[in-house]
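This report is written for a reader who is new to the structure shown below. Please look over the sequence and the model before reading on.

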Amino acid sequence: MSGPEATVWLNALLGFLQWAQHGVLVLMHTLGLTGEAHGQPAWPWDVRIAGETLLIDLGQAQQLGLTLIALMLALLAVVIAVLVRRWRPVSSGVAAGLLVVAPWPSAVVVAPAVPTSFHVSPTAFSVASITQGTRIYNAACASCHGADGRGEGPLAATLTRWPPTVVGPLLGRHADGELFWHIAHGMQDTQGASTMPAFAGRLSDADIWAVLDAMKVLAARGGVRAGGWPLPVALPALSVRCGDALPQSLATWRNGQRVRVVAVDAASSTDIPLEDPRFQTLLITPDGRLPPPTRAFQARCVATGADAWSVFAAIAGAAPQAFSGTQLLADRNGWLRARGAPGTTWSDADFLCTSAARGTARSTSGLDSLIARMDAEPVRYVKGGFIH
């Protein structure tokens, strides 16, 4: 009988490590043993557990996981030895034996850390934040990193080191807090020479978090054109208005259901799809307004505000003027999973975010098959080596 898939136990291990390190940080901050950096508790050490290393070295991950289990069992044995005198010799021997047989990792499993390594973005990856970040990115970052995020801006050739591309897995390999630190405080090479200037004096913390959201959308747009999103993309937070009702948050409206996002040119109400019991239908229009209905049972919920049109068009890899008719599907956990081009029939080729465990091509077709696969293969996202 085979054991669980690697991503199942690996995500459990990484999740525990994230929880443990964050718990230590919160405890130290509560006790006044560490201060704050950029408004959140500051990680006090120069190293952290290298989750990104464990992602690619399953052998080291297994050794570390088994060692942690052995340590917890040894600790339990010590507690029993202290509390139960007659079991003390046996419990002490068991604890010592566990420490001896534990498969201690043979390689270093720590990585450099910064004070913001465990910081969490306050933006909720919202349409407003992405729009703000896009403006800032175009003004402050595109000259080096390129308008498309591929690191080929007009000033790139003048730098001592070519800027990295954000269109790829780069963003997913680093914790958001560490990317924030690099933007705020700059980057240096091994000789200490600056390879990227610090923006803390020019951009606010909110601006930097917004830029990171915009970079995720850039990665998604470039990934679609290359065949798939390089990292999972969540439904951006926004307000939804259904008919004449008051607007509500996307999370409240979605309520754990699948979502079908449909881009509809506001000038053509005939393109509004009918409601479908398999998912909630969210309309995206250029002006954020709901066109008048022409048929019964047409979808009547729309993303408020005009910015959603350009944000979702970018995620779908489409130009805003060619976005109408495009559809996106999100699973029950809020991850965008598939994109359908205007006028096409759904097929397995439209699946742009596959499970890390079972992300293999299948000869399926039709919307029902796509939804079944989406439900059967939930996203197990590991960000910077840790589950987010």
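## The disulfide

The torsion about the S-S bond of Cys242 and Cys301 is about 110 degrees, so the disulfide is right-handed. The sulfur atoms of Cys242 and Cys301 are 2.0 Å apart; a disulfide here is a pair of cysteine sulfur atoms within 2.5 Å. The structure holds 1 disulfide. Cys242 belongs to strand β8 (residues 239-242) and Cys301 to strand β12 (residues 301-303), so the pair ties together parts that are 59 residues apart in sequence. Helices (H or I, at least four residues) and strands (E, at least two) are DSSP runs, numbered from the N terminus.

Cys301 has a relative accessibility of 10% and counts as buried. Buried means under 20% relative accessible area, exposed means over 50%, and partly exposed lies in between, with a 1.4 Å probe and protein chains only. Cys141 is in no disulfide, and the nearest cysteine sulfur, that of Cys144, is 8.6 Å away. Cys141 is buried too, at 11% relative accessible area. Cys353 is buried at 6% relative accessibility.

## Basis of the model

The model is predicted: local features need pLDDT of at least 70, side-chain atom pairs count only at pLDDT 80 or more, and totals for chains, interfaces and linings use all residues. Residues are numbered from 1 along each chain as its sequence is written, and side-chain values use heavy atoms, with hydrogens and water left out.

## Annotated regions

In an unreviewed UniProt entry, the annotation "transmembrane region" covers residues 64-84 and 96-114. UniProt positions are given in the numbering used here, feature names are shortened, and annotations may be inferred rather than shown by experiment. In the model, residues 64-84 are 95% helix and 0% strand, and the end C-alpha atoms of this span are 30 Å apart. Residues 96-114 are 32% helix and 16% strand, with end C-alpha atoms 35 Å apart.

The unreviewed UniProt entry also places the feature "domain: Cytochrome c" at residues 128-219. That span is 46% helix and 5% strand, and its end C-alpha atoms lie 18 Å apart.

Gln21 sits in helix α1 (residues 6-30). With a relative accessibility of 7%, Gln21 counts as buried. A polar atom of the Gln21 side chain lies 3.1 Å from the backbone nitrogen of Ile49. Not counting residues up to four places away in sequence, Gln21 touches Trp43, Arg48, Ile49, Phe118 and Phe386; contact means heavy atoms within 4.5 Å.

Met28 is also in helix α1. Met28 is buried, with a relative accessible area of 15%. Between Met28 and Pro44 there are 9.0 Å in space, C-alpha to C-alpha, while the two are 16 residues apart in sequence. Apart from neighbours within four places in sequence, Met28 is in contact with Leu33, Thr34, Pro44 and Trp45.

## A buried loop residue

Leu290 lies in the loop between β11 (280-284) and β12. Its relative accessible area is 18%, and Leu290 is buried. Leu290 and Gly243 are 47 residues apart in sequence, yet their C-alpha atoms are 7.7 Å apart. Setting aside neighbours within four places in sequence, the contacts of Leu290 are Arg241, Gly243, Leu283, Ala299, Arg300 and Val302.

## A pair of packed helices

Two packed helices are described by the angle between their axes and the distance between the axes. Helix α8 (residues 205-226) and helix α10 (residues 307-315) pack at about 50 degrees, with their axes 7 Å apart. Axes are lines fitted to C-alpha atoms, for helices over the stretch in contact, and angles run from 0 to 180 degrees between N-to-C directions.

α8 and α10 are therefore oblique to each other. Angles under 35 degrees count as roughly parallel, over 145 as roughly antiparallel, 65 to 115 as roughly perpendicular and the rest as oblique. On the α8 side the contact is made by Val217, Ala220, Arg221 and Val224, and on the α10 side by Val311, Ala314 and Ile315.

## Positive phi values

His38 has a phi near 55 degrees, a positive value in a residue other than glycine. His38 is in the loop between β1 (36-37) and β2 (40-41), and at 27% relative accessibility His38 counts as partly exposed.

For Ala124, phi is near 65 degrees, again positive in a residue other than glycine. Ala124 is in the loop between β4 (110-112) and α5 (127-140). Its relative accessibility is 56%, and Ala124 counts as exposed.

Methods: A polar contact is a pair of N or O atoms within 3.5 Å; within protein, one must be able to donate a hydrogen and the other to accept it, and residues adjacent in sequence count only if both atoms are side-chain atoms.
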